[in-house]
Amino acid sequence: MSTTNQVAISAEGLVKKFGTTTALAGVDLTVPTGTVLGVLGPNGAGKTTAVRILGTLLRPDAGHATVGGFDVVREAPRVREIIGLTGQYASVDEDMSGHRNLVMIGRLLGMPRAQAKLRAAELLERFELSEAGDRIAKTYSGGMRRRLDLAASLVGNPSILYLDEPTTGLDPHARNGVWETIRNLVLDGTTVLLTTQYLEEADALADSLMVFDKGRVVASGRPAELKAQAGRQTLDVRPAEPGHLERVAAIVAEAVGVRPTVDVVNAVVSAPVPDGTSMPIVVRRLDEAGIAVTELSLRLPSLDEVFLALVGHAAVQDTAVLEGAGR
Amino acid sequence: MSTATLEPVAAHAARRSRPFAWVEQSLTLAWRNIVRIKQNPEALADVTFQPIIFLLLFLFVFGGAIANGGTWHDYLPYLLPGLLVQTVVFSTMGTGVGLNDDFAKGVFDRFRSLPIARVAPLIGAVLGDAVRYTLSIVILMTTGFILGFRFQNGVGNGLLACLVVLLFALSLCWIWVWLGLKLKTAQGVQGIAFLVMFPLTFGSNIFVQTGTLPGFLQSWVKINPVAHLVDVMRGLMLGGPVEKPLLITLAWMVGLIAVFAPLAIRAYRRRT
């Protein structure tokens with residue numbers, strides 16, 4: 001039984017087809033209790049389908065999955081008691097106030113009216129929605145809507161939470177707010193499965209990552225491992241004086257060993273680097289030369305770049321995965 | 001921020017043991033629909049202004065012509081019971097459109113991810129809409145009374161007529177629940193609904209006596225459940241034979257529920 005206690009979500013060989021399109025082509029995943037799994041991938045990669053199967057909203061065509069030790073098909077009612085679902089598909093009622101939405105869910109979960117109201121007020125306060133609580137949800141901003149969605153999925157105090165692209169379409173401020181909330185939930189011991197299109201988000205929140213493409217897992221591991229697999233980061237240096245661009249370029253070239261690109265318009269020098277080890281050298285040389293900089297940063301590859309890198313070798317990896325599955 | 005203040009998971013386990021939880025859940029979801037009506041009164045146009053406008057139009061535009069030498073005063077007692085049926089039958093369509101909308105917006109996925117009875121959201125939607133149907137009955141009857149309509153067969157029978165048409169609506173609406181779950185868009189539901197509604201209501205004895213219709217249409221009226229329901233309405237409100245049309249209407253109600261409620265529930269379980 002110890003494995004049941006330690007593994008919150010486990011899936012083997014999940015397959016789901018919609019007509020002729022294959023949304024999931026055999027996905028395995030494991031999420032240890034109390035950790036965050038980030039599922040990364042572009043639109044149509046199968047992320048949402050996986051979440052819907054694990055959330056008991058869809059039946060897999062093949063394979064099986066357990067959540068909290070309960071089978072998602074045969075023991076779906078038990079699974080529903082321990083999960084919370086938030087995302088593009090499980091939404092609040094836009095025509096009701098935030099408060100009423102939460103009270104309704106509390107009542108559906110069997111709370112007496114007074115308790116449901118108390119719980120709603122508690123959650124509204126926790127998500128900084130108390131003032132907007134009596135307004136109908138249609139009038140909320142994007143960030144408020146996501147916070148209400150999150151609150152709605154937490155009414156029953158679930159131990160496992162699915163977040164399907166929780167920050168897509170949010171501005172950076174609202175996104176940071178949602179991230180903060182998710183971190184607090186994890187601190188409280190909640191297991192989280194998070195799908196996202198943003199590498200940055202997965203990197204900020206997840207303990208481990210899986211990259212989906214066309215219904216398959218093309219890469220998985222800890223964020224640092226994946227980034228190493230995805231390849232180079234970019235070192236950006238922006239001198240305070242645009243006149244120093246050439247000297248900065250020379251310093252970077254010497255430290256990194258690669259001729260950097262000089263963007264004259266934005267006054268920034270960029271060089272591809274395998275990791276951050278060259279950064280202190282660049283800093284020291286700049287200091288010695290007495291050149292002030294306004295920006296010195298290591299930039300992660302964009303999702304596009306990661307994808308090119310990962311799906312690029314996927315042609316080789318795929319066969320390995322398929323052979324593994326066939327055994 | 002700590003879970004220590006939150007309800008322990010054990011409370012959920014206790015919930016499972018309550019045998020009538022599904023009734024409470026359905027009522028909670030019916031309450032949701034009523035709250036939505038209160039917060040979105042413009043969505044009620046189909047059960048408020050539409051019946052009034054229909055009544056006024058048919059009464060004043062066609063009344064003189066149809067009343068065969070009489071005036072709209074003479075047409076009102078004939079028209080109102082029929083129009084009541086048409087109004088309520090039309091408002092059942094909104095049930096399917098609303099359900100489809102709930103699915104499209106993801107509200108139903110929220111319900112389906114909660115540990116509640118599978119049928120509760122459907123029953124809740126239908127019960128909530130019973131309030132809309134009732135409202136349309138009250139509005140149309142009130143307008144009728146202002147224009148001079150009176151129950152000629154006792155108030156009790158008149159109210160019984162209103163109850164029968166309400167129950168008919170609650171049976172008929174399962175067709176729209178089913179289609180609302182089957183079809184992709186609300187527009188699709190509405191399109192098919194109108195296709196079915198027009199022959200059912202206009203191809204009937206609502207506006208004119210069956211005898212004035214050509215032969216093939218008379219055969220249709222004989223099997224049209226709406227026409228039998230209209231006979232029940234007129235019988236109860238104005239006096240006349242009730243038993244036979246009432247039996248036929250009850251049979252239709254049972255049949256509609258027996259066929260379309262299971263289909264709807266199946267579509268609901270399968271909808272992905």
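Among contacts in chain A between residues at least 6 apart in sequence, what percentage join residues at least 24 apart? The share is 67%, where a contact means that two C-beta atoms, placed from the backbone, lie within 7 Å. The model is a predicted one, in which local features need pLDDT of at least 70 and side-chain atom pairs count only at pLDDT 80 or more, while totals for chains, interfaces and linings use all residues. Residues are numbered from 1 along each chain as its sequence is written, and chains are lettered from A and ligands numbered from 1 in the order in which they are written.

Chain A has 327 residues, and 46% of them are buried. Here, a residue is buried if 20 or more other C-beta atoms lie within 10 Å of its own, exposed if 12 or fewer, and partly exposed in between, with C-beta atoms placed from the backbone. The secondary structure of chain A amounts to twelve helices and 14 strands; these are DSSP runs numbered from the N terminus, with helices (H or I) of at least four residues and strands (E) of at least two. Chain A is split into domain 1 (2-228) and domain 2 (232-299), with bounds that come from an automatic or database domain assignment. Their C-alpha centres are 40 Å apart.

Strand β7 (residues 160-164) of chain A runs parallel to β8(A), with five bridges between the two; strands count as paired if DSSP finds at least two bridges between them. In this pairing, Leu161(A) stands opposite Val192(A). β3(A) is also parallel to β8(A) and is joined to it by five bridges, and Leu40(A) has Thr196(A) as its bridge partner.

Val39(A) belongs to strand β3 (residues 36-40) of chain A. Val39(A) counts as buried because 29 other C-beta atoms lie within 10 Å. Beyond its neighbours within four places in sequence, Val39(A) contacts Lys47(A), Ala50(A), Leu193(A), Leu194(A), Thr195(A), Met210(A) and Phe212(A). Phe212(A), in turn, has Val217(A) in β10(A) as its bridge partner. Strands β9 (residues 208-213) and β10 (residues 216-221) of chain A pair in the antiparallel sense over five bridges. They form a hairpin with two residues between them, and Lys214(A) in the turn has a positive phi of about 50°.

Turning to the interface, 28 residues of chain B are in contact with 33 residues of chain A. On the chain B side, α2(B) gives the most, with seven residues.

The largest nonpolar core has 91 residues, of which Ala151(A), Val85(B), Val165(B), Val177(B) and Met233(B) touch the most other members. Such a core is a set of buried Ala, Val, Leu, Ile, Met, Phe, Trp, Tyr and Cys residues joined through C-beta atoms within 7 Å. Helix α7 (residues 155-182) of chain B supplies the largest share of this core, 15 residues. Apart from it lies another core of 50 residues, including Leu37(A), Ile53(A), Leu85(A) and Val192(A).

Finally, 13 of the 14 residues of α10(B) are buried. Gly239(B), which follows α10(B), has a positive phi near 100°.
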